[in-house]
Amino acid sequence: EVDVTELEALRQHMNANRVEGQPKLTLLPFLMRALVKLAPSYPQINATFDDEAGVVTRYAASHIGIATQTPNGLVVPVVHHAETLDIWGSASEVVRLATAARDGKAKREELSGSSITITSLGPMGGIVSTPVINAPEVAIIGVNKMVERPMVIDGQIRVRKMMNLSSSFDHRIVDGWDAAEFIQKIKGLLEHPAALFID
């Protein structure tokens with residue numbers, strides 16, 4: 001459960017002040033920034049596993065799949081080298097790839113080579129989900145709908161914007177402790193979004 005109150009305020013501020021040509025920011029580019037910041041410390045999560053060969057491949061680069069609903073079903077276009085993109089570049093690439101996928105114009109290389117996937121049921125109203133790993137990857141992160149909830153902070157009840165992150169990991173490759181720590185660090189970055197912009 002992530003308190004995205006500050007993140008949502010930042011997102012709205014950035015959208016209100018974007019320059020011509022910049023896409024409207026959703027939560028996905030912020031989550032992408034969190035993933036690329038953490039990936040070097042968790043190479044076993046930014047990885048694929050070849051079942052038949054019994055080989056794990058760890059990636060120095062972050063190739064983030066974005067699960068996208070299309071008229072022909074769910075496809076996963078890939079933002080290659082997401083670590084090289086800033087928040088606006090990430091947003092632009094997500095929009096470009098999702099549009100190409102929905103229009104049936106995505107190239108083969110744009111639909112393959114992911115090392116970790118983000119999926120989102122938020123637009124469908126889901127508040128909790130169990131995402132299925134996009135094999136041969138070993139991890140997937142699911143974004144759910146942001147909702148306002150009463151939370152107790154310093155003994156006071158306050159209305160906060162809350163969002164559940166759902167995740168699945170292949171425990172043949174990813175230790176449960178590492179997976180839990182990884183998700184807690186994503187939560188920390190999303191709850192203190194200024195940290196996403198510090199290298």
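## Second largest pocket

In this predicted model, the second largest pocket holds about 160 Å³ of space. Its lining consists of Ala 67, Leu 74, Val 76, Thr 117, Thr 119, Leu 121, Ser 129, Thr 130, Pro 131, Val 132, Asn 134 and Ile 140.

Sorted by class, seven residues of this lining are nonpolar and five are polar, with no charged residues.

## Largest pocket

The largest pocket contains about 770 Å³ of space. There are 30 residues in its lining, and those nearest the centre are Thr 26, Leu 28, Arg 102, Ser 120 and Pro 123. The class breakdown of the lining is 17 nonpolar, eight polar and five charged residues.

At least two lining residues come from each of helix 1 (5-16), helix 2 (28-38), helix 3 (87-102), strand 5 (68-70) and strand 8 (116-120). Helix 3 provides the largest share of the lining, with six residues.

## Cavities

How many cavities of 30 Å³ or more does a search of the whole structure find? The search finds two.

The largest cavity has a volume of about 50 Å³. Leu 35, Ala 39, Tyr 42, Ile 45, Asn 46, Ser 62, Ile 116 and Phe 182 form its lining. Six of these residues are nonpolar and two are polar, and no charged residue is present.

For the second largest cavity, the volume is about 30 Å³. The residues that line this cavity are Leu 7, Leu 27, Leu 28, Leu 31, Val 143, Met 163 and Leu 190. By class, the lining has seven nonpolar residues, no polar and no charged ones. Leu 28 in this lining is also listed among the residues nearest the centre of the largest pocket.

An open sheet is formed by three strands in the order 1-11-10, with antiparallel pairing. Why does one side of strand 1 and of strand 10 lack a neighbour in the sheet? Strand 1 (2-3) and strand 10 (147-153) are at the edges and each has a single partner strand, so one side of each is left without a neighbour.

Strand 10 and strand 11 (residues 156-163) run antiparallel and are joined by seven bridges.

Key
Residues are numbered from 1 along each chain as its sequence is written. This is a predicted model: local features need pLDDT of at least 70, side-chain atom pairs count only at pLDDT 80 or more; totals for chains, interfaces and linings use all residues. Side-chain values use heavy atoms; hydrogens and water are left out. Two strands pair if DSSP finds at least two bridges between them. Helices (H or I, at least four residues) and strands (E, at least two) are DSSP runs, numbered from the N terminus. On a 1 Å grid over the protein atoms alone, a cavity is a set of points where a 1.4 Å probe fits but cannot get out, and a pocket is an open set with protein on both sides within 12 Å along at least five of seven lines; lining residues have an atom within 4 Å of a point. Grid points are joined across faces, edges and corners, and a volume is the space filled by probe spheres set on the points. Ala, Val, Leu, Ile, Met, Phe, Trp, Tyr, Cys and Pro count as nonpolar, Asp, Glu, Lys and Arg as charged, and the others, Gly among them, as polar.
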